[in-house]
Amino acid sequence: MGLNYEVIVRNIKHSRIEIRPDGKIKVIVPPNQNPGELIKRKRGWIEKKLAEIEEFKKQFSQFSDKLLLNGEFYEIINGEEFSVNPKFKVVFLPDNDLRVLKRWLKNQLREELDFKVRLFASILGVKYRKIYIRFQRTKWASCSKKGNLSFNLMLMALPESLRDYIVIHELAHMRIPRHGSQFWRLIGEYYPEYKEAEKKLKTFWLALEWNEVWKKLRETKA
């Protein structure tokens, strides 16, 4: 069976293959490389990744109409007053107004980040400027050269322990900008389970790609 893929030619040293959660394949190569040869060499890996995506899709598609919050799925029910019930995994949302939910999510994340970024920055011995919360298309968070931190609102979908990891990860970049052995040694000092965290983050990202509630929240202006 043939593989459909998009070829992107760039002035880069090393070629790479990107597989999106929807199964689309991008092959990024330098001008002098044949993408077909790369696909042929990596075909086994590609097919394995596509099979994994299909398996995750089956696992999470049944929950696509539920809100993924703090690592668990919540039922959204039309109610007179807004409230979140962690015990019964229910969100009561007046008139199903996602603007109310989006504002609540942002306020919750802001309150948590204001405390935890300050805490972990002190532990790591770094200084930051401002914290921004917005939807990001490809990242959980990012750090600018000026010391500003930008966090994806979708962090609220994650368990709190993974949010801690992302905060530590971004603050660590203020000491070591690039992902190298020195960077990962630093991460390991403060979050020893970072390898497992990275795997879980990929799984949650896939779950969010197929989650209709989060897709609507992205489009909602609050």
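The protein chain of this predicted model is divided into domain 1 (5-61) and domain 2 (98-219), with bounds that come from an automatic or database domain assignment. Residues are numbered from 1 along each chain as its sequence is written, and side-chain values use heavy atoms, with hydrogens and water left out. Because the model is predicted, local features need pLDDT of at least 70 and side-chain atom pairs count only at pLDDT 80 or more, whereas totals for chains, interfaces and linings use all residues.

Between the C-alpha centres of domain 1 and domain 2 there are 26 Å. Six residues from domain 1 and six residues from domain 2 take part in the contact, where contact means heavy atoms within 4.5 Å. The size of an interface is often given as the accessible area lost when the parts come together. For domain 1 and domain 2 the buried area is about 640 Å², with 83% of it on carbon and sulfur atoms; buried area is the accessible area (1.4 Å probe) that two parts lose on being put together, summed over both. On the domain 1 side, P21, F56 and F60 lose the most area to domain 2, together 72% of what that side buries.

Turning to the helices, these are DSSP runs (H or I, at least four residues), numbered from the N terminus. Helix α4 (residues 160-172) packs with helix α5 (residues 181-190) at an angle of about 140 degrees, and their axes are 10 Å apart. Axes are lines fitted to C-alpha atoms, for helices over the stretch in contact, and angles run from 0 to 180 degrees between N-to-C directions. The pair α4 and α5 is therefore oblique, given that angles under 35 degrees count as roughly parallel, over 145 as roughly antiparallel, 65 to 115 as roughly perpendicular and the rest as oblique. The crossing of α4 past α5 is right-handed; a crossing is right-handed if the near helix is turned clockwise from the far one by less than a right angle, and left-handed if anticlockwise. Here Y165, I168, H169 and A172 of α4 meet F183, W184, L186, I187 and Y190 of α5. By class, this contact has eight nonpolar, one polar and no charged residues, where Ala, Val, Leu, Ile, Met, Phe, Trp, Tyr, Cys and Pro count as nonpolar, Asp, Glu, Lys and Arg as charged, and the others, Gly among them, as polar.

Helix α4 also meets helix α6 (residues 194-209), the axes coming within 10 Å and crossing at roughly 110 degrees. The two helices α4 and α6 are therefore roughly perpendicular to each other, and their crossing is left-handed. From α4, L162, Y165, I166 and H169 meet Y194, A197, E198, K200, L201 and F204 in α6. That contact comprises seven nonpolar, one polar and two charged residues.

Helix α3 (residues 98-124) packs with helix α7 (residues 212-219) at about 90 degrees, their axes lying 10 Å apart, which makes α3 roughly perpendicular to α7. In α3, L98, L101, K102 and L105 meet W214, K216, L217 and R218 of α7. The contact of α3 with α7 divides into five nonpolar, no polar and three charged residues.

Helix α3 also holds R118. Leaving aside residues up to four places away in sequence, R118 touches L113 and Y128. R118 and S150 are 32 residues apart in sequence and, C-alpha to C-alpha, 14 Å apart in space.
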